[in-house]
Every structure is written in C-alpha cells, then in structure tokens.
Amino acid sequence: EKRRPMKARQEAFGKLTLKTTPWTTVYLGKRRLGDSPLIAVPLPAGRHSLKLVRPDTHEETSIEVEIRANETVVKKLRL
C-alpha cells in the first residue's frame with residue numbers, strides 16, 4: 001500500500017523573496033531564515049508568521065506571508 005497523497009502534501013513548497021529597508025534578521029518560529037534580502041527561500045505552502053528583527057535597534061515586526069506551491073512570493077517592506 002502506498003501513501004502518495006501524504007507524500008505529495010509534504011512536498012508542496014513555494015519560495016519567498018523578502019527585501020526590507022533597513023535590513024533585518026528573519027525568523028520563522030525559532031528558525032533563523034537569514035538576513036534580508038532573502039532570495040527564493042523554500043518554505044512549505046501555507047500561511048506563515050515571520051518575525052523581522054532590526055539588528056541596530058532590536059525592534060521586532062511580525063508579518064504574515066501566504067506561500068503557494070511552486071510559486072515565489074515577493075515582499076518589499078520599509079520599516
């Protein structure tokens with residue numbers, strides 16, 4: 001018996017390109033995705049809450065992104 005539907009769901013990924021001014025460190029939960037600009041970072045399809053942290057002031061901003069399978073979402077933010 002094969003469980004392809006489950007496997008297919010797990011493989012649904014899209015990509016996120018995120019540019020912020022000024023640059024920020026980007027987190028998905030406790031996972032550090034990197035410093036902006038992020039270019040085509042693979043993320044599971046679905047809605048995600050990202051935390052953006054400015055290294056100079058330690059200010060935090062939260063944003064929601066909707067990742068669609070096999071697509072690249074591009075966001076540009078001025079903080």
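Me: With which side chain does the side chain of Thr20 make a polar contact?

Reply: A polar contact is a pair of N or O atoms within 3.5 Å, where within protein one must be able to donate a hydrogen and the other to accept it, and residues adjacent in sequence count only if both atoms are side-chain atoms. Here the side chain of Thr20 makes such a contact with the side chain of Ser36, at 2.6 Å, and the side chain of Thr20 also reaches the backbone oxygen of Pro22 at 3.0 Å. This is a predicted model, in which local features need pLDDT of at least 70 and side-chain atom pairs count only at pLDDT 80 or more, while totals for chains, interfaces and linings use all residues. Residues are numbered from 1 along each chain as its sequence is written, and side-chain values use heavy atoms, with hydrogens and water left out.

Me: Is Thr20 buried or exposed?

Reply: Buried means under 20% relative accessible area, exposed over 50%, and partly exposed in between, using a 1.4 Å probe and protein chains only. Thr20 has a relative accessible area of 10%, so Thr20 is buried. Of the 79 residues of the chain, 30% count as buried.

Me: Which residues is Thr20 in contact with, leaving aside its neighbours within four places in sequence?

Reply: Contact means heavy atoms within 4.5 Å, and on that reading Thr20 touches Ser36, Leu52, Leu77 and Leu79.

Me: Where is the place of Thr20 among the strands?

Reply: Helices (H or I, at least four residues) and strands (E, at least two) are DSSP runs, numbered from the N terminus. Thr20 lies in strand β1, residues 13-21, and the chain as a whole has 1 helix and 7 strands, following the pattern α-β-β-β-β-β-β-β along the sequence.
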